[in-house]
Amino acid sequence: MEIPEAGLSEEGLSRLMSEYRSQDGDWRSGKTWSLVFYAGEDVYEIAKKAYLEFFSENALNPATFPSLRRFEAEVVAMGASLLGDPDAVGNMTSGGTESLLLALKTARDWSRDKKGITDPEVVLPVTAHPALLKGAHYFGIRPVITPVRDDFAADVDAIAEAIGRNTVLVVGSAPQYPQGVIDPIEEIAAVAAERDIPMHVDACLGGYFLPWLPQLGYDIPRFDLSVEGVWSLSADLHKYGYTAKGASTVFYKDPSYRRYQFFAYAGWPGGLYGSPSIAGTRPGGAIAAAWAVMRHLGREGYLRLAQGVMNTTERLMGCVRSIDELDILGNPAMCVFAFGSKDPGFDVVSLGAKMHDRGWRLDRQQLPDSMHMMVTPAHSGVVDRFCEDLSRAAEDVRTEATSKVTGEGRRKAGAAHYGGITGSATMRKEDDARRYEEAILGFLDGLNRL
Ligand SMILES: *Cc1c(COP(=O)(O)O)cnc(C)c1O
């Protein structure tokens with residue numbers, strides 16, 4: 001394909017775009033359970049308008065756009081206060097991954113400078129987000145992966161044991177993605193502090209949701225910047241901050257530590273160059289939209305949304321628990337949870353396939369086999385339909401259980417995947433892992449080919 005000789009009219013483009021998107025996940029109707037965090041048309045319009053207003057502006061050079069600088073400073077200040085330390089410093093980034101990459105790089109460079117560590121390692125529970133492994137891969141840091149307890153929370157003793165003289169960072173999540181469980185942040189931080197090792201809290205998922213829960217009567221263990229021994233924390237605005245994509249925050253207790261995040265270069269003929277984060281050009285729209293949504297919702301708005309989402313979550317969990325064979329994994333802290341089967345004769349993957357046939361897009365997980373759900377305001381109206389379909393789907397699985405589950409049924413649910421990479425089975429062994437990674441790379445190779 002080439003750039004067309006004659007350009008298309010707006011109308012022609014619109015027609016084509018509708019056609020291209022016809023198979024896209026229908027997030028507005030609440031049938032998807034990841035990727036989009038929809039808080040209703042009102043919030044959506046606020047974000048969209050602000051994004052379009054600042055669509056062309058570039059936060060690469062804050063001197064040219066004082067507006068963006070002010071938006072970002074206010075977003076960071078609002079985030080820092082919400083997350084336990086109004087005096088913390090921070091930056092907006094393009095997403096959770098960039099925030100985590102920066103936390104890793106900062107720790108690596110600080111540890112090289114202050115401690116002479118040249119063979120860096122990061123200690124992280126197996127449930128920590130793969131963006132951390134990606135960052136370790138990019139920055140030449142060896143990941144030391146620790147097991148979790150039976151309730152899927154990080155095992156602090158295992159972390160203590162894994163820390164060595166090359167450890168530059170210890171990570172805990174609030175909550176971790178797979179089961180929505182909060183790691184014991186205070187204990188992990190204490191173990192890291194004992195050895196003067198920086199600790200990062202990955203609150204990408206929970207950072208803009210968990211803080212509202214105590215006011216709603218839920219018990220939440222301390223996880224934020226106020227915890228002794230926490231050095232940095234990441235929190236995504238484009239998840240439960242309900243803003244446009246391309247918005248996350250990363251915070252640091254100590255400005256002199258954050259210095260190691262930055263890059264400056266004075267020798268370029270193009271001029272003096274400085275950049276706080278990974279991206280060069282930074283879209284003004286994402287920054288403006290985050291600011292607008294936070295100012296628009298206010299504490300009242302976030303609290304109201306959190307209340308609604310928690311009500312929906314409890315009703316959904318009730319449906320899952322009402323199916324005898326199913327079990328919620330661990331103790332999910334907020335509105336993200338996974339369920340699996342406690343009956344070896346009842347295949348939760350087949351259940352996912354049956355739900356898929358009814359239009360529901362549940363994300364399949366592995367180790368153990370389970371289905372993942374992230375509840376948003378978009379789901380408040382679908383609970384009854386979901387519950388009916390779940391109980392029918394469960395009945396179908398029981399009926400089929402006697403006649404061995406077909407490979408076809410399992411395949412339909414897709415392999416355990418995150419963000420859309422689909423294979424055909426669940427990984428079990430190291431060898432399998434290698435094979436699957438090779439297959440994933442092949443998939444990525446093919447992605448942008450027509
Ligand atoms: C979503 C998520 C990330 C990564 O964020 P992206 O915005 O997808 O880059 C990291 N950690 C956790 C716990 C997450 O849920």
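Residues are numbered from 1 along each chain as its sequence is written, and side-chain values use heavy atoms, with hydrogens and water left out. Because the model is predicted, local features need pLDDT of at least 70 and side-chain atom pairs count only at pLDDT 80 or more, while totals for chains, interfaces and linings use all residues.

**Helix packing**

Helix H3 (residues 66-82) packs on helix H9 (residues 284-322) at an angle of about 50°, with the axes 9 Å apart; helices here are DSSP runs of H or I with at least four residues, and strands are runs of E with at least two, numbered from the N terminus. Axes are lines fitted to C-alpha atoms, for helices over the stretch in contact, and angles run from 0 to 180 degrees between N-to-C directions. The angle makes H3 oblique to H9, a term for what remains once angles under 35 degrees (roughly parallel), over 145 (roughly antiparallel) and 65 to 115 (roughly perpendicular) are set aside. Contact, defined as heavy atoms within 4.5 Å, involves residues including Phe-71, Val-75 and Met-78 of H3 and Ile-287, Trp-291 and Met-294 of H9. By class, the residues of this contact divide into 9 nonpolar, 2 polar and 3 charged, where Ala, Val, Leu, Ile, Met, Phe, Trp, Tyr, Cys and Pro count as nonpolar, Asp, Glu, Lys and Arg as charged, and the others, Gly among them, as polar.

Helix H4 (residues 96-115) and helix H5 (residues 130-139) pack at about 45°, with their axes 9 Å apart, and that angle makes H4 oblique to H5. Among the residues that meet are Leu-100, Leu-104 and Arg-108 in H4 and Leu-132, Ala-136 and Phe-139 in H5; the contact has 8 nonpolar, 2 polar and 3 charged residues.

**Ligand surroundings**

The ligand is surrounded by 14 residues, of which the closest are Gly-96, Thr-97, Asp-202, His-238 and Lys-239, a residue being counted if one of its heavy atoms lies within 4 Å. The table gives polar contacts, that is, pairs of N or O atoms within 3.5 Å.

| Residue and atom | Distance to a ligand oxygen atom |
|---|---|
| Gly-96, polar backbone atom | 2.9 Å |
| Asp-236, polar side-chain atom | 3.3 Å |
| His-238, side-chain N or O atom | 2.8 Å |

**Backbone features**

The peptide bond from Ala-174 to Pro-175 is cis, with omega near -15°, and Pro-175 is found in the loop between strand S4 (167-173) and helix H7 (185-194). Tyr-242, a residue other than glycine, has a positive phi near 60°.

Note on methods:
Polar contact = N/O pair within 3.5 Å; in protein donor to acceptor, adjacent residues only side chain to side chain.
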